[in-house]
Amino acid sequence: MKKVYTIGRYFRKKFGEDVYKVPLSIQGFTCPNIDGTVAKGGCTFCLNESFSPNLAKPSKKFYLNPQSGSNPLLEKQLEQVRIQYAATSRRLASKYGVKKFIAYFQSFTNTYAPLDTLKALYEEALRQPGCIGLSIGTRSDSVTEEILDYLKELSKEKEIWVEYGIQSIYDETLEAINRGHDSANVKEWIQKTRERGLKVCGHVIFGLPNESEAMMLDTVKASIGWGIDSIKIHPLYVVKNTALAVDYLKGKFEPIDEKTYIKLLVESIKLLPPSISVQRVTAGIEDDSLLAPKWCRNKHMQMKHIREALKRAGYIY
Ligand code: SF4
């Protein structure tokens, strides 16, 4: 039996102990695909205020973009970093005895702000107890040479990851999900990130509109070729109040079934060279916002089926 090289195993190998990611969600961040810079409405599966009446109210609030002249939220954002980091790291420390953490800037596009703001937030995170690095979720059209050069400096002493949404290498698919950038842009910025010695995690979705199984595996193969260090794979599921939900309800979108998803996931894991770690093998949502597919509701069952399928293929997850 081979062990899947999970990110947990990567961290244990590199640091000699467990390292857990601490997700942070900082107010004031948005996305160029939501604020109208590259598109409006966001990716078709993204729940944002364009489609959700419940999120519509805060639209008058201040949102950052790289040209923001000032940031009236900065003190509040720094406080959110401290509070969220402390709450999650303490809980993880008491539950699992973990002492080292990576601050994970997770929600929206976490490089889509002036560099001064980014520096203040990232460095505040790195000052927190036990924080050994950063993982920054972003889009390839929202990083700059300047940001990457700054992260390169940080990476001399800290573990710095940049997490890009690849989703698909097919431009027709990226267009169908209103991604707002093409595949060449993702390839270009992954390479620029890798050239600086930064770690790259690529995010891939199976079950995107009109994609064949071969297309999904092509995305995994191309991502490997682009030099990613780690991969996250998950099925596309439909959340209420999104553009995808409208298509689904009109019968224009059929979600991937669990059997096909797991088969492709196992094939993807077989394709990975030993150096590429795996950060995620599925995703789901356990509340009523999930419209379809139903199998994405129960994460525990998904993981059970994935572990069983991997075991049949000779892998321990
Ligand atoms: S890039 Fe992320 S935050 Fe922006 S619209 Fe797409 S899913 Fe939403």
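The model is predicted: local features need pLDDT of at least 70, side-chain atom pairs count only at pLDDT 80 or more, and totals for chains, interfaces and linings use all residues. Residues are numbered from 1 along each chain as its sequence is written. Helices (H or I, at least four residues) and strands (E, at least two) are DSSP runs, numbered from the N terminus.

**Ligand shell**

- Around the ligand stand Cys31, Asn33, Ile34, Gly42, Cys43, Cys46, Asn48, Phe108, Thr109, Arg139 and Gly165. A residue is near a molecule or strand if its C-beta atom, placed from the backbone, lies within 6 Å of it.
- The shell divides into five nonpolar, five polar and one charged residues. Ala, Val, Leu, Ile, Met, Phe, Trp, Tyr, Cys and Pro count as nonpolar, Asp, Glu, Lys and Arg as charged, and the others, Gly among them, as polar.

- Seven strands make an open sheet, in the order 2-3-4-5-6-7-9, with parallel pairing. Two strands pair if DSSP finds at least two bridges between them.
- Strand 2 (19-24) and strand 9 (277-280) are at the edges; each has a single partner strand, so one side of each has no neighbour in the sheet.
- Neighbouring strands of this sheet are turned by 25° against each other on average, direction ignored.
- Strand 5 (residues 159-167) and strand 6 (residues 199-206) run parallel and are joined by six bridges. Glutamate 163 has cysteine 201 of strand 6 as its bridge partner.

**Helices on the sheet**

- Helix 3 (residues 74-96) lies across strand 2 and strand 3 (100-105), at about 145° to strand 2. Axes are lines fitted to C-alpha atoms, for helices over the stretch in contact, and angles run from 0 to 180 degrees between N-to-C directions.
- Helix 10 (residues 258-271) packs on the sheet and touches strand 6, strand 7 (230-235) and strand 9. The direction of helix 10 makes about 170° with that of strand 7. Two residues are in contact if their C-beta atoms, placed from the backbone, lie within 7 Å.

**Helix pairs**

- Helix 4 (residues 115-126) and helix 5 (residues 145-154) have axes that come within 11 Å and cross at roughly 25°. Angles under 35 degrees count as roughly parallel, over 145 as roughly antiparallel, 65 to 115 as roughly perpendicular and the rest as oblique.
- The helix 4 and helix 5 crossing is right-handed. A crossing is left-handed if the near helix is turned anticlockwise from the far one by less than a right angle, and right-handed if clockwise.
- Leu115, Leu118, Lys119 and Tyr122 of helix 4 meet Glu146, Ile147, Tyr150 and Leu154 of helix 5. These contact residues are six nonpolar, no polar and two charged.
- Helix 3 and helix 4 pack at about 25°, with axes 9 Å apart. Helix 3 and helix 4 are therefore roughly parallel, and their crossing is right-handed.
- Helix 3 gives Leu74, Gln77, Leu78, Val81, Arg82 and Tyr85 to this contact, and helix 4 gives Thr117, Ala120, Leu121, Glu124 and Ala125. The classes are seven nonpolar, two polar and two charged residues.
- The axes of helix 10 and helix 11 (residues 299-312) come within 10 Å and cross at roughly 50°. Helix 10 and helix 11 are therefore oblique. Their crossing is right-handed.
- Glu258, Ile262, Leu265, Val266 and Ile269 of helix 10 contact His305, Ile306, Ala309 and Leu310 of helix 11. Seven of these residues are nonpolar, one is polar and one is charged.

**Backbone details**

- Most residues other than glycine have a negative phi, and most peptide bonds are trans.
- The peptide bond from alanine 292 to proline 293 is cis, with omega near -10°. Proline 293 sits in the loop between strand 10 (290-292) and helix 11.
- Glutamine 167 is not glycine, but has a positive phi, near 65°. Glutamine 167 belongs to strand 5.
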